[in-house]
Amino acid sequence: MTEPRVSEHVRVDGDEHPPGVYRVVGVGDETVTLLRVSDADGARAHTGELLTVDTGDFPDFEPATEPPSDASVASRLASLAETAYWSVRAFGQQVAAHPLPAAAAGLVVAFGAVGDAFVSLPDPVFGGLIFVGSLGLAYVGNGLSL
């Protein structure tokens, strides 16, 4: 096998290391770091298991293809819903942790949305207020504060 490259896949068989398909995630001068992405049968696995081998031992591993994803449409939709839930929850927690900057940003958005009923300004000003206020909410919601 040639020099190891990040993102290529190799199969590890043997008693010295857990068998399976590994992705190269790091290449140093003397070592190669591998992430296990499948079990011995080739089924995708999300173990987070890292393996560091000497560069000299790397040619002993045979090239492999990336294991196929076995996620069904239902599991992908469930994962999407779960991700959305946790994103909204984390955003709410950050807004609650920083109420003054969040309120200020929210007021800027609100004024940009309905301010033309109270003040006569060019329309781009109100659009700009909505944009700036939204950026402020995103800034606060990501755990950053002014």
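Trainee: What share of the contacts between residues at least 6 apart in sequence join residues at least 24 apart in this protein?

Mentor: In this predicted model, the share is 41%. A contact here requires heavy atoms within 4.5 Å.

Trainee: Which elements does the chain have, and in what order do they run?

Mentor: The protein has five strands and three helices. From the N terminus the order is β-β-β-β-β-α-α-α.

Trainee: How do you know how the radius of gyration stands against that of a compact globule?

Mentor: For 146 residues, a compact globule would have a value near 15 Å, whereas the protein has 25 Å. Along the principal axes, the C-alpha atoms fill a box of roughly 75 × 40 × 30 Å.

Trainee: How much of the protein is buried, and how much accessible surface does the protein have?

Mentor: Buried residues are 21% of the 146. The accessible surface comes to about 9,500 Å², and carbon and sulfur atoms account for 61% of that surface.

Trainee: Why is His-9 called buried?

Mentor: The cut-off for buried is under 20% relative accessible area. His-9 has 9% relative accessibility, so His-9 counts as buried. This residue is found in strand β1, which spans residues 9-12.

Trainee: What makes the pairing of the His-9 and Arg-23 side chains a polar contact?

Mentor: The N or O atoms of such a pair must lie within 3.5 Å, with one able to donate a hydrogen and the other to accept it. The distance between the two side chains is 3.3 Å, and the pair is listed as a polar contact. Arg-23 is also among the residues in contact with His-9 beyond four places in sequence, as are Val-21, Val-37 and Pro-67.

Trainee: Why does Ser-38 count as buried, and where is Ser-38 placed?

Mentor: Buried means under 20%. Ser-38 has 0% relative accessibility and therefore counts as buried. Its place is in the loop between β3 (31-36) and β4 (50-54).

Trainee: Which backbone atom lies 3.0 Å from a polar atom of the Ser-38 side chain?

Mentor: That atom is the backbone nitrogen of Val-21.

Notes. Residues numbered from 1 in each chain as written. Predicted model: local features only at pLDDT ≥ 70, side-chain atom pairs only at ≥ 80, totals over all residues. Heavy atoms only, no water. Helix = DSSP H or I, 4+ residues; strand = E, 2+ residues; numbered from the N terminus. Buried < 20%, exposed > 50% of the residue type's maximum accessible area, 1.4 Å probe, protein only. Rg over C-alpha atoms; globule rule 2.2 N^0.38 Å. Areas by Shrake-Rupley, 256 points an atom, 1.4 Å probe, with all protein chains shown as cover.
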